[in-house]
Amino acid sequence: MKRKPPASAPSTPPAAVDAAATLAALEQAALDTALPAATRDLLRCAHDLLRHSHDAAESDRLRYRALFDALPDPVSIIAWDDSTVLDLNQAGTTAYRRPREEIVGQSIEILNPDLPRDHMIPVHETLGRGQSYLVEVTNMRGDGTRFPVEVHTAPINYEGRKAMVAVARDLSSRHAAELRYRELMEAIDRGVIVQDAELRTVYANVAAMEILAISPGQSIAEALNPEQWMVVDEHGRLLPPEQYPSHRALRSGRMCGNTVLGLYHRTRQQLTWLSVTAMPQFPPGGDKPTQVLSLFSDITSLKRDSSLFDRAQALAHIGGWEWEVGPDRLYLTHEAQHVLGHRPPPETIDGLLACLRAGDRERLRTAIEQAVSFSRRFDLELQGQRADGRSLWLRVIGEAEASDPLNSRITGALQDITERKHDEEMLRVQARSDPLTGLLNRDAVLAELESRLDDPLRAALAVLYIDLDRFKVVNDVLGHAAGDRLLASAARRIQRAVGSEAQIARFGGDEFLVICDTGSDPSRPERLADAILEIFGDSFRLDGEEFSITASIGIAQAPLDGVRSQQLIQSADVAMYDSKRRGRNGWQAFTPELAEQQLHRLQLETHLRRAVNNDEFHLVYQPQVEMATGAVVAVEALIRWRNHSLGEMRPDRFIDHAETTGDIVGIGGWVLQEACRQLHRWRERGLQVQRVAVNVSYRQFLGEDLASSVNAALSEFGLPGSALELEFTERVLIEDVPDTLRTFAALRDMGVILTIDDFGEGYSALNYLRRLPIHGLKLSQLFVQGVPDNQSDVAVCQAVTGIARSLGLGLVAEGVETEQQRAFLLQLGVTVGQGFLFAPGLLPDELQQYYRSPLVATG
């Protein structure tokens, strides 16, 4: 809408100017002697009539102006067609802080620049129906400030023109009054809660939140959840919701005043007495309340010593007590007497203290003395004993009343919290206990060890790190349930061996920790270790089978081998591994030499984690050949590590460590990628290597989606699944059978060849092997190296060959080094082998030369 240029209001309206000119003309004509007398008389009569009419109109105009300007609210006359301001009263110029001539002739938007487009449409529609239009908007003063107004608009005929009159009432005072009302609600010391017709809380003042103990960040609806509260009447009887004052006021539409209620909070176990007045609130013109306002005060202190208070407190096992210091008189409510369980009840403060255990007795005595001397409030949880000898936990609250020191008194409450304490102790024990063995768990023993190391009087201690030897045999052959029974039995044996001389914890898996004091007996760690080894000398019986399970123990002492829990445990762990290395079923104390080994181990870990990124790994490839002809059927990728600080590292020095730390996952991924890349290069050069075999760790099953990684590597280098063989250890068979089956099935669907490596070294049950979709087995070099002379190795080789043949699986012999071994294996029916007899691990170019050798070529 275009704005019109401002128009200054004329001092005399146009009609008045025209009338004055006409009167002057009539008066002059009446004096013209050239006109007939009758004409002049007629002209004078017309002059007088016009004068009278003009005076009356001017009088009406001045009266309109006076009334218009006398109105206390801003009033504007607005053109119907283009919303131009036609007139504005004096209150308007004052409210808008602008001269009248700056507003009249301008669009209404000059007073309200925030009006939306087409804002006059609803106004015209409402006025067209003969109704007035009411709206709250924000108007603007000449200085740009805004103020809220309530505008009433009605139709009007203004000087023969269709227009609207708009009366704007300034709401600033009303808003200020509402603000003062809200401030008053927040300032008063009585609680105020407003609920809607559905009794949902819509407002609660600060006093209400303090009385009901609602924290500032807490949701009011959540805090007032009916399930959290129990409401009783003044006689201590449970009150149904329909009898609450707010319900009654809302239902009846009448005020419900001065009702005494008891509110018991179930979680806090706290009872608060209130005096409540509920008032219904009606909407303008309504006959049904839409809200109810409840005004209440905390009157708990007024009912503290009444019998009604005792009855209600009994619901929460809370009793009151009061001690008059001067005469040493103790008053206990009925429920307080019931909580203490002593007959007759104590009548002096010493009698109350006698109900407590010695340590807690002194705590309460000190708290009472400080309350009397310094007006301090106390809140203690104390342990005592009932007259029948049963244990008792009390929460004792007390506060000294401000009065004459000679007549001072302490008032408080007693609450029976025995059940809660028992529940807390049960939860504490559960949180600190291993559910299988009942021993301390890992977190608990770490906390206990740290606490003892921080106490100078208890810091002389030793840690025994115990690992069960050959536990995996039972777990693999008989299953996890049998393994759990074995762990529980082992825990009981360790407890019998150490007795009360040490604390025992299950640290994880088949590992246990024993913590013992060394200050009074320096030889205790070694003596306990011997006792544990001795008690493990007897076999374990499970499901009708006997198993010989021994233990390897590492010993570390504080502060010599560590001053913090992790350091001490790590030292004991290192000693335990050294014990295993020495042959198991023994103990080893931590030594400086082991500390050096530990340092080397940490250095190895640091370098190993950087090896892939530093491009320190490379692969060599050992041929798998038909032992009768020497023809190559596949190659196995073998990893090698050359570190600039540590030098050339054998796989047996870092693979196990990488398995332990989890670094094997990243290393295994690199090997898979590099082997596929090299196979692709060979084939591009015309070297038709049939397939490449890659070793896969069980951790790659646990730590990544192996099937997706394999598929990505094959796709990247354009290789079919049959070009890749994956070799797994027997541990994969028992880690997680459902996941293993799914992964093996996905790999086999790609065409990947699946082989179990070093078969015969592990202890997995054959039913796992039968269920998995594998293609072949690799006969471990551990057994191949003893044939044909060692009868045990011969028997194992015959058994594995029979298993492979019966299950229709391929078989590859590893570690073939002599002609005698080759001949024996061929006679046994093993046709494919690998080992130094044929070739060591070869670099890619060396393998290309090997393919061109006469033996391979003729084969």
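Me: Is R363 buried, exposed or partly exposed?

Reply: In this predicted model, R363 is partly exposed, its relative accessible area being 39%.

Me: And what does the side chain of R363 meet in a salt bridge?

Reply: The side chain of R363 meets that of D360, with an N to O distance of 3.2 Å. D360 is buried, with a relative accessible area of 15%, whereas R363 is partly exposed.

Me: How far apart are D360 and R363 in helix α13?

Reply: They are three residues apart in helix α13, which spans residues 358-374, and so about one helical turn separates D360 from R363.

Me: Which parts of the chain does the pair K778 and E636 link?

Reply: The side chains of K778 and E636 form a salt bridge at 2.9 Å, N to O. This pair links distant parts of the chain, since K778 belongs to strand β30 (residues 776-779) and E636 to strand β25 (residues 632-643), 142 residues apart.

Me: Are K778 and E636 buried or exposed?

Reply: Both K778 and E636 are buried.

Me: What about R685, which residue does it form a salt bridge with?

Reply: R685 pairs with D845, and the closest N and O atoms of the two are 3.7 Å apart. D845 counts as exposed, at 52% relative accessibility.

Me: Which residues do salt bridges with shared partners join into one network?

Reply: E501, D517, D521, R524 and R527 are joined in that way into one network.

Me: How many salt bridges does the count come to?

Reply: The count comes to 34 salt bridges.

Me: Changing topic to the helices, at what angle do α19 and α20 cross?

Reply: Helix α19 (residues 565-581) and helix α20 (residues 592-611) have axes that come within 10 Å and cross at roughly 100 degrees. Angles of 65 to 115 degrees count as roughly perpendicular, and α19 and α20 are therefore roughly perpendicular to each other.

Me: Which residues make the contact?

Reply: On the α19 side they are Q570, S571, V574, A575, Y577 and D578, and on the α20 side L594, Q597, Q598, R601 and L602.

Me: How do the residues of that contact divide by type?

Reply: The contact of α19 with α20 comprises five nonpolar, four polar and two charged residues.

Technical notes
Residues numbered from 1 in each chain as written. Predicted model: local features only at pLDDT ≥ 70, side-chain atom pairs only at ≥ 80, totals over all residues. Heavy atoms only, no water. Axes fitted to C-alpha atoms, helices over the stretch in contact; angles between N-to-C directions. Helix = DSSP H or I, 4+ residues; strand = E, 2+ residues; numbered from the N terminus. Parallel < 35°, antiparallel > 145°, perpendicular 65-115°, else oblique. Contact = heavy atoms within 4.5 Å. Nonpolar A, V, L, I, M, F, W, Y, C, P; charged D, E, K, R; others polar. Salt bridge = Lys/Arg side-chain N within 4 Å of Asp/Glu carboxyl O. Buried < 20%, exposed > 50% of the residue type's maximum accessible area, 1.4 Å probe, protein only.
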